[in-house]
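Here is a short briefing on one chain. Look over the model before reading the points.

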Amino acid sequence: TGSCGKSTTTTLLGQMLAAGGKKVLVGGNLGTPLLERLPEIDQDIWAVLELSSFQLESMEESPHLAIITNLRPDHLDRHASLDEYTSAKARIFRYQQPGDYLVLNFDDQATRNMAPLAPSQVFFFSVEKRLRQGAFIQDGELVVSLDGIKRRAICNASEVRLLGRHNLYNVLAAGLAAALCGIEPRYAGNVARSFQGLPHRLELVRQVRGVSYYNDSIATTPDRAVAAIESFNRPVILIAGGREKHLSP
């Protein structure tokens with residue numbers, strides 16, 4: 001879960017697990033609800049779910065491995081306050097056990113503050129800081145370390161097909177989670193080098209007379225729109241609209 005990057009991180013993790021030989025079903029708030037696929041799920045299936053705050057607010061069980069990509073004000077037209085929204089997100093790890101894992105964004109203060117509340121083992125990912133353990137960038141490479149000693153490369157940051165710095169976070173989060181599931185980082189790297197993104201997320205629609213047109217209609221908050229704009233190093237003309245969902249401008 002998280003405010004931004006949920007669908008991309010969920011999809012990346014599903015593909016990384018599959019590349020490492022796991023039998024995987026991906027769903028939840030993304031695509032097909034897995035309730036419709038219960039007959040296919042047995043003890044060998046790895047279920048990778050995107051969960052929204054609406055789905056989490058009534059949850060009384062947590063997954064073996066949880067990821068919170070980041071926290072930004074959102075859905076305040078539905079939740080009474082930012083605290084209520086944050087509390088709903090935190091339910092993804094609230095019922096975990098000491099043998100479970102929680103993956104958090106070290107560079108996002110709101111998610112980093114959740115670490116002391118977790119009953120599980122916490123691992124961080126970061127684009128800005130070289131961590132003792134977790135997933136981070138070192139000498140231009142995305143690397144993961146689960147023991148604070150051995151560091152294994154996922155891929156070079158320049159090899160990630162997805163546009164934007166925000167997508168480096170998504171790859172690091174998914175790569176770290178995959179490693180915690182026993183997947184070799186090289187499989188995560190193969191996915192990062194080939195994955196071209198999901199519809200409506202900086203999706204290249206067409207190039208006409210030297211102008212590239214992108215569909216980023218999933219950007220329903222200011223933070224998402226800013227991340228998309230900052231992904232380009234050339235002039236951008238933004239066509240935007242929508243409603244404010246009680247968010248600050």
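In which strand is Val205 found? Val205 lies in strand S9, where strands are DSSP runs of E with at least two residues, numbered from the N terminus. This is a predicted model: local features need pLDDT of at least 70, side-chain atom pairs count only at pLDDT 80 or more, and totals for chains, interfaces and linings use all residues. Residues are numbered from 1 along each chain as its sequence is written, and side-chain values use heavy atoms, without hydrogens and water.

**Overall fold**
- The chain has seven helices and 10 strands; helices are DSSP runs of H or I with at least four residues.
- Its radius of gyration (over C-alpha atoms) is 18 Å, close to the 18 Å from the globule rule (2.2 Å times the number of residues to the power 0.38) for 249 residues, so the chain is as compact as a globular protein of that length.
- The C-alpha atoms fill a box of roughly 55 × 45 × 40 Å along the principal axes.

**Packing and surface**

**Nonpolar patch**
- Val205, Val208, Val211 and Tyr213 make a nonpolar surface patch of about 330 Å².
- Strand S9 (203-208) and strand S10 (211-215) each give two or more residues to the nonpolar patch.
- Val205 counts as exposed (over 50%) because its relative accessibility is 53%.

Terms used:
Patch = residues over 30% accessible without salt bridge, like charges linked within 9 Å, V, L, I, M, F, W, Y side chains within 5 Å. Areas by Shrake-Rupley, 256 points an atom, 1.4 Å probe, with all protein chains shown as cover. Salt bridge = Lys/Arg side-chain N within 4 Å of Asp/Glu carboxyl O. Buried < 20%, exposed > 50% of the residue type's maximum accessible area, 1.4 Å probe, protein only.
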